[in-house]
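Let's take a walk through this fold together, beginning with a helix and moving on to the sheet beside it. Have a look at the sequence and model first.

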Amino acid sequence: MLQPPFTTFPQREHLHIVLREVTAADLPALMPISFYDGKQAASVEDAAAMQQKINADYAAGNSVHWVICNSFSNDVVGTCGYYRGFANNTGEIGFILLPAYRGQGYMKTALDEVIYFGRNVMGLDKICAHTTADNERAIKLLRSLGMEEVTGNRAGYITFECS
């Protein structure tokens, strides 16, 4: 398995999106959707501190965190990636879009590329995602990606996997 950190941060392009490393210039746009350890950023400074932790996770080989940009306008639309390490050659994906960009196909396109990268570049055996049982959009998205619901979830959560 090829595991982070990579010699060069893996920028990916697919259809109308670019997945690239988060920069300081992205943080004002990302602040409303910046989270770490279940806590949301309350300021750009919080988002910067969270991004430093995410970068440290990447440097330790435990994550790959991309900003999602529209490839035509370069607008920042969200983030996605692999989080929480790669035990048992499994990658856990996480994702979030800014509200203005939801329902426009950005995340399906981004996750198609993230799953491709996990399988074909990193060599992951399994890819999973967790969402709350009431997050209908995420459930629909994960199913559209060919992921299947698995049993044994924490109360209020659904886990999806693809091999």
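## The helix H3

Helix H3 buries Tyr 106, Met 107, Thr 109, Ala 110, Leu 111, Glu 113, Val 114, Ile 115, Phe 117 and Gly 118, where buried means under 20% relative accessible area with a 1.4 Å probe, counting protein chains only. Helices (H or I, at least four residues) and strands (E, at least two) are DSSP runs, numbered from the N terminus.

This is a predicted model, in which local features need pLDDT of at least 70 and side-chain atom pairs count only at pLDDT 80 or more, while totals for chains, interfaces and linings use all residues. Residues are numbered from 1 along each chain as its sequence is written, and side-chain values use heavy atoms, leaving out hydrogens and water.

After H3 comes Gly 123, with a positive phi near 75°.

## The sheet

Eight strands form an open sheet in the order E1-E2-E5-E6-E7-E8-E10-E9, with mixed pairing; two strands pair if DSSP finds at least two bridges between them. At the edges lie E1 (12-14) and E9 (148-150), each pairing on one side only.

Strands E2 (residues 17-21) and E5 (residues 64-70) pair in the antiparallel sense over five bridges, and Leu 19 stands opposite Ile 68 in E5.

## Around Thr 131

Thr 131 sits in strand E8 (residues 126-132) and counts as buried because its relative accessibility is 6%. Its side chain makes a polar contact (N or O atoms within 3.5 Å, within protein one able to donate a hydrogen and the other to accept it, with residues adjacent in sequence counting only if both atoms are side-chain atoms) with the side chain of Asn 135, at 3.4 Å.

Note on methods:
Buried < 20%, exposed > 50% of the residue type's maximum accessible area, 1.4 Å probe, protein only.
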